[in-house]
Amino acid sequence: MKHITQPSKGSVISQISKEHAMLIKENRHYLVTLCEILLTIAQQNIGVRESGSLFRASAIDIESESIDYGPHSGNFLSLLALVGNHDEGIARRIRLGPGNAKYTHHSVQNALLDIMADEVKNKIFEEMQAAEYFAILADETKDLSKKEQLSIAVLYLYDGNIHEEFLCIEELETLDAEGLSSKIINVMKDRVNFQNCIGQAYDGASVVSGKHAGVNAIIKDRVAPLANYIHCFNHRLNLVLVDVINNSSATSIQCVRDCLSLLQKLYVFVSCSNIHTKWIKMQTDRGLIVMELKQISNTRWACQASMLRTVCKRFMLLYELLSDVIENDSNSDRVIEARGLLYQFSPDFIKTLFSLRHIFEFTKNTSDLLQSPELDYSDALELLEVLQERLNDCRTDTTMQNLWSQAANVCHDLGMHDLEESCDMQRETERRPQRAKQFPSYLKNFIVDCPVQREKLQNRGDFRREMFSVIDRLKKEIERRFFNDIKIIMLDIKALVPESTTFLKTEDIVAFGRLYRSKSQDLKIELENMRRVFARKLDASKPKTLLQLQQYISRVADAFYEMNRLTKIACTLPVSTCVCERSFSTLRIVKNYMRNDHGSE
């Protein structure tokens with residue numbers, strides 16, 4: 001008999017070790033796949049499981065060629081089945097793996113999501129510790145289940161760039177300052193040094209902005225003595241617009257109120273299902289990009305400019321839509337409402353509409369730029385100064401003439417009287433004998449400081465004065481809400497901007513240093529040395545912005561300790577809480593009406 005030799009497979013121990021290593025590799029591959037599926041679901045803002053009683057996962061048939069959990073198994077199991085149909089290792093684990101190690105139960109899914117979220121938070125906290133200084137951003141909203149949710153984010157300077165990172169959303173039990181501040185502190189407690197917190201940015205509500213008992217005061221008194229309160233710039237700018245247009249505001253202007261009130265009525269009318277379908281069809285039939293009317297809200301940033309832009313671009317189409325409803329619609333209520341709206345499309349309304357669109361467009365651009373995560377405090381101040389300059393440029397006779405001509409062209413296209421003709425007709429009417437108007441008896445004992453009746457049509461001089469009044473009110477509110485409140489810190493920050501006329505001004509920088517407990521004597525010495533350094537540098541090699549200055553000083557931080565510290569703080573000061581607003585948008589997508597009964601987890 002022949003002796004047949006087989007190649008040696010090694011010792012029993014080595015074979016067991018190889019099998020064990022292969023098993024570990026397969027387990028890790030399976031677990032990584034589960035995590036990647038969950039991560040994909042989270043990034044796409046879709047639910048992991050079906051809602052309520054609809055959820056039903058079918059048992060897997062071992063003999064079946066394909067893996068299928070059923071139509072109501074949810075996104076996670078459906079994606080897992082899809083991957084399993086293309087990966088033998090995953091399919092084998094799903095079919096033959098132990099029942100207690102498939103990790104598909106909803107509690108395991110939540111645990112994996114929590115682990116990944118903790119890893120992201122750990123990375124953020126590590127970067128915050130390396131950055132040294134940070135600022136707190138927070139805002140509050142209601143979800144669809146009417147529960148109050150607090151969004152918390154942080155801002156810090158790391159690796160030469162400004163980072164704006166979302167941390168979490170916490171459900172609130174109470175809405176007082178004590179409850180809000182406790183939530184914020186507990187999220188970051190034992191993870192960061194609150195002594196390095198140099199700013200807090202909120203929306204300006206009294207519960208957070210109160211000087212003595214607000215959230216900012218509690219956090220500053222208890223844990224973060226350097227955390228000065230900053231009112232979100234986007235919220236401030238929105239309040240400027242609200243004060244100018246709001247009906248209840250003492251600074252509001254009649255023509256602005258009337259115009260935006262009519263636009264809101266127009267939005268409600270076009271949003272009706274029958275009218276909205278016709279509105280979309282009219283745009284698509286003409287090969288136009290479909291534009292939707294935007295609701296005007298006091299809390300939605302720069303929504304007025306979006307509404308004005310849409311109506312101006314589609315004004316002729318809106319006129320045609322209302323005319324079509326009046327002529328062809330069988331619903332009497334809609335016909336009457338359309339007739340009332342169309343009657344308001346007067347030359348007076350048209351000139352106000354196109355003028356406000358031109359003016360409010362500046363605020364829309366500024367609001368969008370203020371939402372940039374990379375924006376530092378000095379850039380935000382520069383944007384506001386540019387906004388004021390653009391408003392000043394708009395306040396000219398040439399601009400008003402162009403706006404008047406634009407409105408006159410629209411009136412001509414619609415077959416209305418030219419604005420000048422309308423004014424002539426108005427003056428002609430005024431020349432005719434009219435019955436004397438009696439003063440209301442209930443006003444006899446009062447002093448009336450405004451006209452009892454407002455004329456519908458105006459000449460160019462009245463139109464110019466009215467638009468100038470709108471611009472002046474905007475400028476006045478911007479000055480009051482921005483530059484008056486933060487004038488001291490604004491001057492201090494400007495002294496750290498290389499292209500500013502007050503660059504390295506000792507008084508301003510020392511004043512800024514006092515806010516953050518810098519050593520004034522050391523700071524003065526460093527300022528003198530830095531002036532000498534910059535005097536020797538060529539213009540092309542000098543830093544141009546605050547962030548570039550900080551990057552330059554950080555390379556010689558040992559020689560300019562106080563300046564390095566102050567430039568870091570200046571770059572870390574928060575401008576806006578828009579990262580919290582973005583998290584609210586994601587919250588509404590994730591926690592929708594179908595998933596409303598799942599709870600916060």
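A residue is called buried when its relative accessible area is under 20%, exposed when over 50%, and partly exposed in between, using a 1.4 Å probe and protein chains only. This is a predicted model, in which local features need pLDDT of at least 70 and side-chain atom pairs count only at pLDDT 80 or more, while totals for chains, interfaces and linings use all residues. Residues are numbered from 1 along each chain as its sequence is written, and side-chain values use heavy atoms, with hydrogens and water left out.

Of the chain's 601 residues, 44% are buried. The chain has 24 helices and five strands, taken as DSSP runs numbered from the N terminus (helices: H or I, at least four residues; strands: E, at least two).

In general, nonpolar side chains tend to be buried together in soluble globular proteins. A nonpolar core here is a set of buried Ala, Val, Leu, Ile, Met, Phe, Trp, Tyr and Cys residues joined through side-chain atoms within 4.5 Å. The largest such core has 113 residues, and Phe233, Phe512 and Met563 are among those with the most contacts inside it. Contact means heavy atoms within 4.5 Å. A separate second core of 31 residues includes Ala138 and Cys197.

Helix H12 covers residues 315–328. Its buried residues include Phe315, Leu318 and Ser323, and helices H9 (254–270) and H14 (347–370) are among the elements that cover them.

Technical notes
Expected span 1.5 Å × (residues − 1).
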